[in-house]
Amino acid sequence: MAFQPATTLSVAALVLLILATGSDAGGIAIYWGQNGNEGTLADTCATGNYQYVNLAFLVTFGNGQTPMINLAGHCDPYSNGCTSLSSDIKSCQAQGVKVMLSIGGASGSYSLASSEDARQVATYLWNNFLGGHSSSRPLGSAVLDGIDFDIEGGTGLYWDDLARYLSAYSNKGKRVHLTAAPQCPFPDAWVGNALKTGLFDYVWVQFYNNPPCQYASGEVTNLEDAWKQWTSAIPASKIFLGLPASPAAAGSGFIPVPDLTSNVLPSIKDSSKYGGVMLWSKYYDDQSGYSSSIKNDV
């Protein structure tokens with residue numbers, strides 16, 4: 001009889017080991033919202049391929065501008081038409097998918113004029129998309145999981161302040177996750193200082209449209225060197241390899257599936273900060289089936 005508890009213990013230890021091992025597996029983050037032909041948000045999450053969805057984008061904010069969301073053909077924010085996404089967001093979250101609002105984008109109109117401006121933007125985001133309250137929540141009552149910084153223009157000023165103000169709201173209840181999509185040349189020209197705060201959970205580095213640090217037909221050294229720099233220098237929980245989901249999704253940097261799974265991923269997965277792969281975007285992923293082809297290797 002004395003043998004029985006030891007068996008129970010070993011089974012429990014095995015379960016813990018399996019859970020610990022599983023937690024190290026990478027996930028896939030996807031951008032959704034910039035093409036009306038990419039399916040609904042609920043369908044996106046129902047594929048089971050993605051652990052994180054970035055709603056793209058809040059394109060206008062800061063410097064006294066009226067904030068405005070742009071989700072392409074999915075809904076019309078001017079007529080309050082995007083509030084219907086609330087049930088989709090809740091459906092995603094019920095499946096364990098984290099849903100962020102991505103602010104910025106390549107062609108938005110945004111900048112922060114001061115630390116006070118950053119505080120006002122943080123207050124707006126909290127009240128309209130996170131755990132606060134507003135009579136005009138663009139996406140309805142759903143409470144998003146966090147804010148993604150996809151800053152690709154303007155200046156590099158005050159984004160660190162915005163990160164601090166947003167992070168402070170985590171003390172009011174539900175955790176506010178902060179994520180970012182910097183370019184792979186290090187440090188990033190726009191959010192480099194913000195990333196130094198150590199407040200970011202997930203950083204999906206764009207290893208595309210940046211030839212000096214991206215993969216090129218069999219040559220993984222440049223990507224590997226940049227990856228090591230990001231994972232060693234940035235105090236974030238997890239770093240992701242940001243890629244185009246098809247050759248048409250970016251000017252350069254697409255990695256064919258066999259190259260990714262046999263050459264690139266094995267060279268970066270040994271980092272304790274490896275979080276997985278980020279893809280631009282759901283529309284292109286639908287065309288290529290990229291996420292389905294790589295998810296067992298990520």
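Helix α3 is followed by Gly96, whose phi is positive, near 85°. Helices here are DSSP runs of H or I with at least four residues, strands are runs of E with at least two, and both are numbered from the N terminus. The model is predicted: local features need pLDDT of at least 70, side-chain atom pairs count only at pLDDT 80 or more, and totals for chains, interfaces and linings use all residues. Residues are numbered from 1 along each chain as its sequence is written, and side-chain values use heavy atoms, with hydrogens and water left out.

**Helix α3**

α3 spans residues 86-94. Ser86, Asp88, Ile89 and Cys92 are buried in this helix. Buried means under 20% relative accessible area; exposed is over 50%, and partly exposed lies in between (1.4 Å probe, protein chains only). An α-helix has 3.6 residues a turn, so residues three or four places apart point the same way.

**Disulfides**

A disulfide is a pair of cysteine sulfur atoms within 2.5 Å. By this rule the count comes to 3.

| Pair | Sulfur separation |
|---|---|
| Cys45 and Cys92 | 2.0 Å |
| Cys75 and Cys82 | 2.0 Å |
| Cys184 and Cys213 | 2.0 Å |

The bond of Cys45 and Cys92 is right-handed, with 95° about the S-S bond. Cys45 lies in helix α2 and Cys92 in helix α3, so the pair ties together parts that are 47 residues apart in sequence. Cys45 is buried, with a relative accessible area of 2%. Cys92 is buried too, at 0%.

The link of Cys75 and Cys82 is right-handed, with 95° about the S-S bond. Both of these cysteines are buried.

The link of Cys184 and Cys213 is right-handed, with 80° about the S-S bond. This pair joins distant parts of the chain, 29 residues apart. Cys184 is in the loop between β7 (177-180) and α6 (192-195). Cys213 is in the loop between β8 (202-206) and α7 (221-233). Cys184 and Cys213 are buried.

How do the disulfides follow one another along the chain, and what is their pattern? With bonded cysteines counted along the chain, the pattern is 1-4, 2-3, 5-6.
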